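Trainee: May we go through this model and set each term against its definition?
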There are 2 protein chains.
Amino acid sequence: MSLKLKSRVNLKDVAKQAGVSYQTVSKVLKGQGNVSADTQARIQAVVQELGYQPNIRARNLREQCSHLIGYFWQPEPPNLYNPILEKFLQSIIAVAERQEYHILTFAWQQKTNLLAECRNLIQTGRIDGLILSSIGFDDPRVACLMELNFPFVSFGRVNPEWDFAYIDVDGGSGLRQMTEYLLTLGHHRLAVLAWPENSRTGEDRLHGHYQAIQQAGIPIKAEWIKRGENSVSAGYNGAKRFLQRPSDERPTALIGMSDILAIGAMNVARDLGLTIGRDVSISGFDDTPLSQYLQPSLTTVRQPIWEIGQRSIELLFQIMEGRTPTEYQILLQPKLIIRQSAGEVVNQ
Amino acid sequence: MSLKLKSRVNLKDVAKQAGVSYQTVSKVLKGQGNVSADTQARIQAVVQELGYQPNIRARNLREQCSHLIGYFWQPEPPNLYNPILEKFLQSIIAVAERQEYHILTFAWQQKTNLLAECRNLIQTGRIDGLILSSIGFDDPRVACLMELNFPFVSFGRVNPEWDFAYIDVDGGSGLRQMTEYLLTLGHHRLAVLAWPENSRTGEDRLHGHYQAIQQAGIPIKAEWIKRGENSVSAGYNGAKRFLQRPSDERPTALIGMSDILAIGAMNVARDLGLTIGRDVSISGFDDTPLSQYLQPSLTTVRQPIWEIGQRSIELLFQIMEGRTPTEYQILLQPKLIIRQSAGEVVNQ
DNA sequence: TCTACATAGGCGAACGTTCGCCTATGTAGA
DNA sequence: TCTACATAGGCGAACGTTCGCCTATGTAGA
């Protein structure tokens, strides 16, 4: 069966039939060199007739590139899902294909030897560039890539002093927008369901919240921040602590660092007999596809995923071509999505 | 910057340093040929010292393969998401990497020239095998791959008379299990939120429902099947038609062909003031990560995604190696997941 | 001492391109 | 008629492997 595939038509077959050298065929197909219109037409006709397609493996070897871009992403545990993976993949695939590039996806599990895998991919010539996501403070992969001087772009920032190309969403702005919105609704007791302190993304978002709070003249209290992992149950338990307090002491608004946490908060609010949007306002972050269909629909923050994907790849191409991009640390603005889960403060 | 990368150490560098021919180095690394233990050790030492990694592009050309497997999937429209993409990708990546293979992801948009892209990938030697998903009746890609005799495995079946390797979930069994479960809860008026008739998957599932209904001696009525696209709003509107009927005529259970449709049904039930699980039971299909966190949690059917992915790749490897697998049309059983959204029939 | 075979590793060729240089032919101007 | 240059396309080499065949050396048996 593979015999059929192996005896594919190659440059020499076309050349023979067209009565030229095979190098000339190559020139015509690459649009290089001086070949008469006549000969060009003849060659093109034979190419059509035989259905010639260049062998990309040979091309890769000769051109010293793989026409492949790696994408590293971290899978969520089984009971969760990544709300942006699908759209992000779609967007980078779309842009890459326009340049005849394809995307190699890598799911790096928790404890595998990341660095070795990363090095291996690069040093065997598997990929020409890399897109990284879910990175953290002091991320060893970023350090490794910088040291190897390998073209990469990361979705997300790490340590401020590290100088490399990234695209990120201004999560601080997102949470500032959300907090300001809740303030205009009359909320003064705002609690946050946050992530552990080692998350750069989490700290950025939190900082935006602090800014808005301070600007409104409300003191920042550590007790109004509840940290935990990014899961529905963490959201549930975190929110429970807040919502079990007497009604004049409990927060009127719960700000989730993610839709996942917000869903947990909504569930416990309902279990405690509170009406969401009236007794307590709840907001999320991500605008996951289902968040608009929750009851009540979730007020949240939307990240421009498509744009992030597009610009990541465009940036990466610039780096791969050796051009130094004028702007290689890009911060995009997220958008407040107002729905039903957050409402005006009623009685107090 | 790429200069550094291009001057990577190759077989000849190692050979020179070890004082052998470069072909001998190749033999040692591939574990072939007769090389004395002495020489082997010396070569291995140099490989370590220089950090030699074989150039995969050269290997691909020489070995006539790309060590790449394509995965075609169909992205959902922006307001939806694919509940199984992440897990499926993860599972195929994991198995493929064990065999030194990687996964090339392709998102095929609605109206692009699928067939040409498919042919192109194969004929340029981009990939050695293909995994297909979201296929439909008379799928032209399947026909094309069969004609080209190219190794592929599909997740899902198409026309029964087409003979090719696939893995599918026995959706009929899933809906039969669900229907039987609802029957044991005392439901007799069961309505289905189904997909358009051109979906093979949809028809298979529906068939399982019919089987269970018939076995219980309940006549099949076309009016109890409401067809529509796979979206929350289609579920909402479809369910509305059923639930607006007088209480002694309306269905006591709504069976969604997907969790998405079930979510729509849950929303309209709530909007009509019905208590889900008591006034009306609602079930889904997929066990999307969030379904357990809905209020009430969704009774649904879980597909063994991880197993599908694993076995797809294993099957594909067998086909790629030219072995004819004994079992190449595999049907896996889905599992009923009982939660809160479906309960016993109360008053009637 | 001669033959036969095993052991160790060298060597040419090939996978299918692309790239740079070279040569043969044609044409225009002096 | 001779020179100079443009045009058209041929040719060798290379990218870095793997594979099969060959050869040189060593060893055992007759």
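The discussion below takes the helix crossing, the strand pairing and the DNA surface in turn.

Mentor: This is a predicted model, in which local features need pLDDT of at least 70, side-chain atom pairs count only at pLDDT 80 or more, and totals for chains, interfaces and linings use all residues. Residues are numbered from 1 along each chain as its sequence is written, while chains are lettered from A and ligands numbered from 1 in the order in which they are written.

Trainee: Why is α2(B) called roughly perpendicular to α3(B)?

Mentor: The axes of α2 (residues 11-18) of chain B and α3(B) come within 8 Å and cross at roughly 100°. Angles of 65 to 115 degrees count as roughly perpendicular, so α2(B) is roughly perpendicular to α3(B). The contact involves B:Leu11, B:Lys12, B:Val14, B:Ala15 and B:Ala18 of α2(B), and B:Tyr22, B:Thr24, B:Val25 and B:Ser26 of α3(B); two residues are in contact if their C-beta atoms, placed from the backbone, lie within 7 Å.

Trainee: What makes β2 of chain A and β2(B) a pair?

Mentor: Two strands pair if DSSP finds at least two bridges between them. A:Thr105 has B:Ile103 as its bridge partner in β2(B).

Trainee: Which residues are closest to DNA strand D?

Mentor: The closest are A:Ser21, A:Gln23, B:Leu11, B:Ser26 and B:Ala58, among 26 residues that surround DNA strand D. A residue is near a strand if its C-beta atom, placed from the backbone, lies within 6 Å of it. Helices α3 (22-30) and α5 (56-63) of chain A, and α3 (22-30) and α5 (56-63) of chain B, each supply at least two residues of that surface.

Note on methods:
Helix = DSSP H or I, 4+ residues; strand = E, 2+ residues; numbered from the N terminus. Axes fitted to C-alpha atoms, helices over the stretch in contact; angles between N-to-C directions. Parallel < 35°, antiparallel > 145°, perpendicular 65-115°, else oblique.
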